[in-house]
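Here are my notes on this one, as numbered points. Have a look at the model first, then read on.

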Amino acid sequence: MRPRSVVDYALARRATLGDLFAGRVASGDVCDAHPYLVRAARYHGEPTRKRCPVCRGGDPLVNVTYTYGDELGPSSGRVRATRELPGLAARYSELHVYVVEVCQPCGWNHLITSYVIGTGEPPARKHSGRRAADT
């Protein structure tokens with residue numbers, strides 16, 4: 001699996017935390033994780049070794065990985081385990097992956113990286129079931 005179009009949001013994260021610690025934004029403005037994101041973190045997230053930069057609690061931050069792509073159909077936007085990504089990259093032409101870090105106790109969440117995976121080849125065309133001889 002060779003990610004491409006990788007975007008690291010570390011500078012945006014640092015700026016957000018700088019604004020928080022300087023008092024330019026309230027903690028409620030940055031600790032605003034949607035209930036579905038917190039639930040995804042609880043049941044499907046992958047724990048990291050990093051502590052929350054806001055509450056500095058005992059629970060580690062959790063990474064939640066989402067995949068989006070036209071070829072995925074109704075399962076686009078689903079949470080995926082990191083171990084699933086190589087198989088998806090080999091099967092589909094282009095998938096967009098977004099990784100969000102989440103603190104379950106305080107609600108801190110931030111997009112940490114995004115990238116594209118896939119074969120890079122044009123997607124396989126779906127046949128309508130009709131052949132030229134049928135028309």
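1. Let's start with β5, since much of this note comes back to that strand. Six of the eight residues of β5 are buried, so the strand is mostly covered; buried means under 20% relative accessible area, exposed over 50%, and partly exposed in between, with a 1.4 Å probe and protein chains only. Helices (H or I, at least four residues) and strands (E, at least two) are DSSP runs, numbered from the N terminus.

2. A word on what we are looking at. This is a predicted model, where local features need pLDDT of at least 70, side-chain atom pairs count only at pLDDT 80 or more, and totals for chains, interfaces and linings use all residues. Residues are numbered from 1 along each chain as its sequence is written, and side-chain values use heavy atoms, with hydrogens and water left out.

3. Now the partners of β5. Seven bridges pair β3 with β5 in the antiparallel sense; two strands pair if DSSP finds at least two bridges between them. In that pairing, Val62 stands opposite Val102 of β5. Strand β6 (residues 109-117) is also antiparallel to β5, joined by eight bridges, and there Val100 faces Leu111. The β5-β6 hairpin has six residues between its strands, and Gly107 takes a positive phi near 90°.

4. Which rings pair up, and how? Rings of Phe, Tyr and Trp (its six-membered ring) pair if their centres lie within 6.5 Å, with planes under 30 degrees apart counted as stacked, over 60 as edge-to-face and the rest as tilted. That gives one aromatic pair. Tyr68 and Tyr98 are edge-to-face, because their ring centres are 5.7 Å apart and their planes are at 75°. The two sit 30 residues apart, Tyr68 in β3 (residues 60-68) and Tyr98 in β5 (residues 95-102), so the pair links distant parts of the chain. Tyr68 is partly exposed at 37% relative accessible area, and Tyr98 is partly exposed at 30%.

5. How many disulfides are there? Cys103 is in no disulfide either, with the sulfur of Cys55 nearest at 3.6 Å. Cys103 is buried too, at 1%.

6. Last, a look at the helix. Gly18 lies in α1 (residues 10-21) and is partly exposed at 31% relative accessibility.

Technical notes:
A disulfide is a pair of cysteine sulfur atoms within 2.5 Å.
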